[in-house]
Amino acid sequence: MQEVRRREGASAGSGRASGLRGILRNQAISMLAILIIMWVVLAILSPYFFTVDNLFEITLQTAVIAMIGAGMTFVIISGGIDLSVGSVFACSAVLGGLVFTSTRSLTLALLATAVAGALFGAANGLLITILRVPPFIGTLGMMGIARGLALIFVNGVPIYGLERYKFIGQGKLFNVIPVPTVIILVVFALAFVVLNYTRFGRFTYAIGSNAEASRLSGIKVRRVQIGIYVICGLVTGLASTVEAGRLAIVQPAGGNGYELLAIGAVIIGGASTFGGEGSIVATLIGAIIVTTIRNGLNILGVNAFWQYVVNGLVIIGAVAADQFRRRR
Amino acid sequence: MMKKLLRMSKITKSFYGVRVLDGVDFDLDAGEVHVLLGENGAGKSTLMKILSGAYTLDSGSITLMGKELDPGTHDPRSAEDAGIVSVYQNFHLVPHLSVAENLSLGRFTRTRGFISWKAVQAHAEEVLARASFDIDPKARVQGLSVSKKQMLEIAVALSKNAKVLIMDEPTAALSRAETAILFRTIAEVKAKGIGIIYISHKLEEVRQVGDRITVLRDGLAVQTLPARDSDVNLIIRLMIGKGVSRTRVERDRTRGESCFSAEGLRNRNLPSPLSFSVEKGEILGITGLVGAGKTELARALFGVDLLTGGTLALFGKPVRVDSPAEAVRLGIGYLSEDKDAFGLCLNLGVKENVSLVSLARQRGLFFSIPAERRVATDLVASIGLKIAGVSQQVKYLSGGNKQKVVFGKWLTAKCRVLILDEPTIGIDVGARGEIYSLIRDFAGGGDRAVLFISSDMDEILELSDRILVMTEGRVVAELDPRKTTKEELMQHSTRVNRGDG
């Protein structure tokens, strides 16, 4: 009797979810379906939507958000949040721009941007693990600090004349494939491997699922958490070089509101704000959805200010849907 | 004859076909302290949860002041309205608010929509004075001592016009002086004609504070007797019954070599230096009642709570365990009684949970996913896990299977010392037997040892090679399970520390 009940319990469980990989794939597939529906609707509404130009435009717009989203995926899977990405984006770009104007070396400039992003990430990680400031507050504070520093370093004035950055943002490999597309593919391939095939990636899931159980299993939780925020800062810095390349300038006020878009991409992709769930592929789809919404609203001639409203609504809707799924 | 304040008659309750309460009669007079005694699982909590409306009874009746309560509408709220109030540890209190605010919580006196702080203060003073409790109404609850908080809990209960107070292990967290204060409070409450149902394991204390004692065993009310001049040994015999024939499995074991030892351990939870040693192949049972310091010892050994003194040695070599990561590196494993909170990543799969410790002990960037699956699949077969597949999320597993997953993660990591803290709590009888054989097999497998912590004295006697009894953070007895009895274990455990009183 008891035996029978137990077996029923087991099969009911498997019916709902056959393991980690299974759920993520399902989530990604349903998001992909939503994305395709959006594209069809937009194509019907505007003949311009499905032109080659516009599709390239979407990839370019996606690149920045998707890269930050890749870093944010680690943070959110681990049960944290990083609100500082928009400001870190601006500040690391400004630091790189300053290095470029003084050395004229693109390599040094890119290196400086990446290092600056990683250092901001490390600072976030230390705040959260050593000073035990909750991630929401710690990165909120860092959001202010990084933005302020960005403005201070250049006195609030954009850095112009970054023509040599253009290759990163506008170049084409073999005259066909846009460089940003290549960069996203590389970043996402790396992130996918790290998240799914390395100990670090597994610990990221474990910490998000149950940090205390992870610690009691011998995982050095703080070390992993610091690493996660470093990754997020690093890719944020890299993303800022793509945008600088597209515009050939660096703005201390840039990246404003990107945290909303990046978090949106991750959440829409189906990562749980409770941690322990999420996938890098889903984030990519989420980033394309976020960008498609922006692009679609543009094409349809909707006032740009409405984009913030729509983004906010979409994030709230995605989390509400997650909560609803959980309650059942 | 006086009318009974409360009468519960023929109370029966089953969970999943298992009868937990079988026609239990229990009554309470006004101004009486009626003690409920019994082993873990005897049915005390279930009976009290039925009374306080958390569970619905299958059959039987509850009569409060001559009026039968309708089982259909009896829930926690209606129970409180009727005057049945439980005093939990700080359960009703909001720590950030003041005593006065807590006393008015949910029923603030308002004038024109605004809270009248004057009235709130006056209400608190009145309630505290009526109960003659010495608590400052302006004090913040979080700054109060444990016993003051408990008084406040009682005051809150009284302000709700309680007729019946349920106190479950009220002295578990109290010092001797605080216990004395609680007993004075109880006397004052009794004098107001309120009946108290008092649950505790501490037999001497129970005889001191109680009027009558009812012993529950296996869902039956075995006997009710006057508290004051009852014989402790008789009570223990009533609690444990005839003594079920134990199925001890003697294992072959070569004695002698030390596997894991501790010398003079102390920290903030273990006030007096504590020493022990486990030999290779040995299962060292550690028992004691709730609050005896068993979990605190486990956490200290595993590097969760830091030591302030003492030394540890593994296979004769001194080791420092200053973090769980270091413990794991040394090959020490820890299985907590709360597997969901401390043992498992619930939304990860079985194989991800099973491999976690091994991954933490490994080095290098990558790990082998095929190997992970293979190890998990082999483990599932060898420990008899009943699951749909190794990718199944552990949150859908039964308690027994969850515990086996936690066990499995230490087995696959090849740890050498396993600290098991109440490994069978919340696990059904069938799965229990399987956990026992896992523990025996582990201990028998070479250079390994087990610290087996449990308050279930039957399983301690069944499994251990040697038994330590703890009370109040110290080891009070070391016993040979072949030569001791449950009575003896219970006597050691329930002995209030006489050493420094």
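**Figure 1. Strand β1 of chain B pairs with β2 and β4 in this predicted model.** Strands β1 (residues 6-15) and β2 (residues 18-28) of chain B run antiparallel. Seven bridges join them. In this pairing, B:Lys13 stands opposite B:Leu21 of β2(B). β1(B) also pairs with strand β4 (residues 59-64) of chain B, again in the antiparallel sense. That pairing extends over five bridges. Here B:Leu6 has B:Leu64 of β4(B) as its bridge partner. Pairing of this kind runs through backbone hydrogen bonds.

**Figure 2. An open sheet of six strands in chain B.** The strand order is β6-β9-β10-β3-β11-β12. The pairing is mixed. β6 (84-87) and β12 (220-226) of chain B stand at the edges. Each has a single partner strand, so one side of each is left without a neighbour in the sheet. On average, neighbouring strands of this sheet are turned by 20° against each other, direction ignored.

**Figure 3. Strands β9 and β10 of chain B, with helix α6 across them.** β9 (residues 164-168) and β10 (residues 195-199) of chain B pair in the parallel sense. Five bridges make up this pairing. B:Leu165 stands opposite B:Ile196 in β10(B). Helix α6 (residues 176-191) of chain B lies across both strands and also across β3 (33-37) of chain B. The helix runs at about 145° to β10(B).

**Figure 4. Helix α13 of chain B and its buried face.** α13 (residues 369-383) of chain B has 15 residues. At 1.5 Å a residue, the helix should span 21 Å. The end C-alpha atoms are 21 Å apart, which agrees. B:Ala376, B:Leu379 and B:Val380 are buried in α13(B). Seen down the helix axis, the buried residues of α13(B) fall within an arc of 100°, so they line one face of the helix. An α-helix has 3.6 residues a turn, so residues three or four places apart point the same way. The buried residues of α13(B) pack against α12 (350-361) and α14 (399-412) of chain B. On the other side of α13(B), the exposed residues are B:Pro370, B:Ala371, B:Asp378, B:Ala381 and B:Ser382. Just after the helix, B:Gly384 takes a positive phi of about 65°.

**Figure 5. The fold of chain A in numbers.** Chain A has 14 helices and two strands. The radius of gyration of chain A is 20 Å, close to the 20 Å that the globule rule gives for 328 residues. Chain A is therefore as compact as a globular protein of that length. The C-alpha trace of chain A spans about 80 × 55 × 35 Å along its principal axes. Buried residues account for 52% of the 328 residues in chain A. Take the contacts in chain A between residues at least 6 apart in sequence: 78% of them join residues at least 24 apart.

**Figure 6. A:Leu98 and its contacts.** A:Leu98 is found in helix α4 (residues 85-103) of chain A. A:Leu98 has 16 C-beta neighbours inside 10 Å, so it counts as partly exposed. Not counting residues up to four places away in sequence, A:Leu98 touches A:Phe153 and A:Ile159. A:Phe274 is 176 residues from A:Leu98 along the chain. The C-alpha atoms of A:Leu98 and A:Phe274 are separated by 39 Å.

Notes:
Residues numbered from 1 in each chain as written. Chains lettered and ligands numbered in written order. Predicted model: local features only at pLDDT ≥ 70, side-chain atom pairs only at ≥ 80, totals over all residues. Pairing = 2+ DSSP bridges. Helix = DSSP H or I, 4+ residues; strand = E, 2+ residues; numbered from the N terminus. Axes fitted to C-alpha atoms, helices over the stretch in contact; angles between N-to-C directions. Contact = placed C-beta atoms within 7 Å. Rg over C-alpha atoms; globule rule 2.2 N^0.38 Å. Buried ≥ 20, exposed ≤ 12 C-beta atoms within 10 Å, placed from the backbone. Expected span 1.5 Å × (residues − 1). Arc of directions from axis to C-beta.
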